[in-house]
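Subject: Handover of a structure

Dear colleague,

Please find the structure below, together with its sequence.

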Amino acid sequence: MSAAKIEGSGWLRDQVALITGGGSGLGLALVERFLGEGCRVGVLERSAEKVAALHERFGAQVVAVQGDVRSHEDNARAVAATLERFGSLDTLIGNAAIWDHASGLLDLSPEQLDHGFDELFAINVKGYLLGAKASAPALIASEGSMIFTLSNSSFYPGGGGPLYTASKHAAVGLIRELAYELAPKVRVNGVGPCGMASDLRGPTALGQEDKRIMDSRSPEAIASILPLQFFPEPADFTGPYVMLASRANNRVLSGVMINADAGLGIRGIRHVAGGLHL
Ligand code: NAD
């Protein structure tokens, strides 16, 4: 399937979004897409180089704050900087995460499991929780929405090891609980992408801080397991976020997870894709 050319719909005109991990991969594609849809964008990003690159490229359209999603203070600074620059907040996109390079239970020592769990869950789960906490007052005031990046690992095993898969399942529970607690003011939803080339790295506790996803996966291997049989780009996943963030197009979805995974759930047991026989 060839990449689609995306035209801005204007669905997010005059809205404001805060995106965690907006410095590369899916987060950066979301920054580009949301700007194209007329949104103004704040970013919380750990890498100082990526923050500098965002400022260089987007200027005053983006307010990028260097900080760590594991810190409440850093989340609060990012919310405050976004509010100060743009005056309100309509959408939080919790997106920053790390992977475990599919390290299995039997691959890891007890010490690696112990420290790897603490590091990975602190970013992938606590980071979402703290982002929600810091942005909730502004989102209640604007009657806005939260969107969290899930994964095929939120639903199926084998896309990560137990640390990553459990963390992405935990994010499902977080979405359901927050959607319940924050209704009727704030809609809370998730988008679960499948594999893509990005800067996604692993925990320092597993010695994977410089190891990127494509060091462990190939485009061919990813495409071959997807019924739609192509290797998606980060931009391919951005449409569901636009729809969920749009006030006009999403008045009714809350507590919903969109599986943006090129059909993984209908993979079946006989062939990779029945459509190949057409
Ligand atoms: P990425 O590494 O390119 O983007 C994540 C960004 O988050 C990076 O810029 C990184 O510097 C930042 N970050 C990491 N830890 C942080 C922290 N503690 N505080 C602040 N920022 C931090 O990777 P990506 O693939 O674009 O990941 C985005 C989301 O997509 C993640 O939630 C990931 O789980 C999910 N996802 C990715 C894939 C894939 O194949 N790449 C598949 C399914 C889901």
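This is a predicted model: local features need pLDDT of at least 70, side-chain atom pairs count only at pLDDT 80 or more; totals for chains, interfaces and linings use all residues.

Residues are numbered from 1 along each chain as its sequence is written, and side-chain values use heavy atoms, with hydrogens and water left out.

Ligand surroundings

There are 28 residues around the ligand, and Ser24, Glu45, Asn95, Tyr164 and Ser198 come nearest; a residue counts as near if one of its heavy atoms lies within 4 Å.

- Leu26 places a backbone N or O atom 2.8 Å from an oxygen atom of the ligand.
- Asp68 has a side-chain N or O atom 2.9 Å from a nitrogen atom of the ligand.
- Val69 has a backbone N or O atom 2.9 Å from a nitrogen atom of the ligand.

Helix 3 and helix 4

Helices (H or I, at least four residues) and strands (E, at least two) are DSSP runs, numbered from the N terminus. The axes of helix 3 (residues 72–86) and helix 4 come within 9 Å and cross at roughly 35°; axes are lines fitted to C-alpha atoms, for helices over the stretch in contact, and angles run from 0 to 180 degrees between N-to-C directions. On the helix 3 side, His72, Asn75, Ala76, Val79 and Leu83 take part, and they meet residues of helix 4 including Leu130, Lys133 and Ala138. Contact here means heavy atoms within 4.5 Å.

Individual residues

Ser167 belongs to helix 5 (residues 162–182). With a relative accessible area of 0%, Ser167 is buried (buried means under 20% relative accessible area, exposed over 50%, partly exposed in between, with a 1.4 Å probe and protein chains only). A polar atom of the Ser167 side chain lies 2.8 Å from the backbone oxygen of Tyr164. Not counting residues up to four places away in sequence, Ser167 touches Leu120, Phe121, Asn124 and Val125.

Gln208 sits in the loop between strand 6 (187–193) and helix 6 (219–225), and is buried at 6% relative accessible area. Gln208 and Asp100 are 108 residues apart along the chain, yet their C-alpha atoms are separated by 7.7 Å. A polar atom of the Gln208 side chain lies 3.4 Å from the backbone oxygen of Asp100.

Asp107, in the loop between strand 4 (91–94) and helix 4 (110–142), counts as exposed at 57% relative accessibility. A polar atom of the Asp107 side chain lies 2.6 Å from the backbone nitrogen of Gly104.

Backbone geometry

The peptide bond from Ala183 to Pro184 is cis, with omega near 5°, and Pro184 lies in the loop between helix 5 and strand 6. Gln229, a residue other than glycine, has a positive phi near 60°; Gln229 is partly exposed at 30% relative accessible area. Ala262 also has a positive phi, of about 50°, and is found in the segment after strand 7 (257–260). Ala262 is buried, with a relative accessible area of 12%.

Definitions and conventions:
A polar contact is a pair of N or O atoms within 3.5 Å; within protein, one must be able to donate a hydrogen and the other to accept it, and residues adjacent in sequence count only if both atoms are side-chain atoms.
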